[in-house]
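Work through these exercises with the model open. Each task is followed by a stepwise solution.

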Amino acid sequence: MLDKKLVGSYKDYLKKNLSKKRYNHSINVAAEAVKLADKYDADRDKCYLAGLLHDIAKELDTQSQLSFVNNSQLDVCEIEKKSSPLYHAVAGAEMIQDLFGIKDNEIIRAIRYHTVARAQMSKTEQIIYLADLISVDRDYKDVKRMRKYAYQSLEKAMYEALKFSVGDSVKKGNTIPVSTVEAYNEFCSYEKDLRKE
Ligand SMILES: [Fe+2]
Ligand SMILES: [Fe+2]
């Protein structure tokens with residue numbers, strides 16, 4: 001059971017350090033993550049906390065985010081180290097440990113990989129990755145399709161999301177973090193096997 005006081009203190013921190021828009025996004029991602037946790041029989045408290053805190057570092061100045069990345073014991077590839085929009089995931093995973101003493105690896109990894117994904121993602125990690133893409137405040141072109149996939153199958157939704165992400169990076173001539181390519185390959189093989197059945 002979640003400690004209401006503790007959750008309240010996390011929300012207070014987010015309210016003080018995030019824009020109203022991003023604070024609402026965090027609340028929405030937490031709510032979506034709980035819905036997915038119920039659907040897929042995952043730990044709803046961990047999903048709630050990871051969803052709530054996933055963007056905790058997003059509005060920290062880039063230099064501070066990078067300093068978290070550079071001092072982190074977490075695995076971060078060189079490509080990711082050169083892409084500032086990705087820093088907040090590693091920085092966030094470090095911040096929740098430093099600020100709140102959260103030591104749960106499921107929560108730490110779900111926040112750390114919510115931007116780039118990885119192979120061998122846990123259910124919680126997949127849920128946070130997808131909840132971030134389909135929360136009620138999202139309104140990009142294919143969001144309805146992504147929402148449908150997310151409630152059909154986590155793996156199918158991860159495959160579709162990564163296919164889009166990798167394809168988009170290639171189209172724009174951007175580099176792709178190693179863990180994203182590994183995640184794509186894994187979910188792609190899963191999808192191929194399904195098609196064979
Ligand atoms: Fe994020
Ligand atoms: Fe987010």
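Helices (H or I, at least four residues) and strands (E, at least two) are DSSP runs, numbered from the N terminus. The model is predicted: local features need pLDDT of at least 70, side-chain atom pairs count only at pLDDT 80 or more, and totals for chains, interfaces and linings use all residues. Residues are numbered from 1 along each chain as its sequence is written, and chains are lettered from A and ligands numbered from 1 in the order in which they are written.

**Exercise 1.** State the order of elements in the protein chain, then test its overall size.

Solution.
- The elements run α-α-α-α-α-α-α-α-α-α-α from the N terminus. That is 11 helices and 0 strands.
- Take the radius of gyration over C-alpha atoms; the globule rule is 2.2 Å times the number of residues to the power 0.38.
- For 197 residues a compact globule would have a value near 16 Å, and the protein chain has 16 Å, so the two agree.
- The C-alpha trace spans about 50 × 35 × 30 Å along its principal axes.

**Exercise 2.** Which residues of helix H4 are buried, and which are exposed?

Solution.
- A residue is buried if 20 or more other C-beta atoms lie within 10 Å of its own, exposed if 12 or fewer, and partly exposed in between; C-beta atoms are placed from the backbone.
- In H4 (residues 62-71), Gln65, Phe68 and Val69 are buried.
- They cover an arc of only 100 degrees around the axis, so they sit on the same side of H4. The arc is that of the directions from the helix axis to the C-beta atoms.
- An α-helix has 3.6 residues a turn, so residues three or four places apart point the same way.
- Gln63, Asn70 and Asn71 are exposed on the other side of H4.
- The buried residues of H4 pack against helix H5 (78-81) and H6.

**Exercise 3.** How is Asp132 placed, buried or exposed, and what does Asp132 contact?

Solution.
- Locate Asp132 in helix H8 (residues 123-134).
- Count neighbours: Asp132 has 23 C-beta neighbours inside 10 Å and therefore counts as buried.
- Two residues are in contact if their C-beta atoms, placed from the backbone, lie within 7 Å.
- Leaving aside neighbours within four places in sequence, Asp132 contacts Val29, His54 and His114.
- Compare Gly92: Asp132 and Gly92 are 40 residues apart in sequence and 14 Å apart in space, C-alpha to C-alpha.
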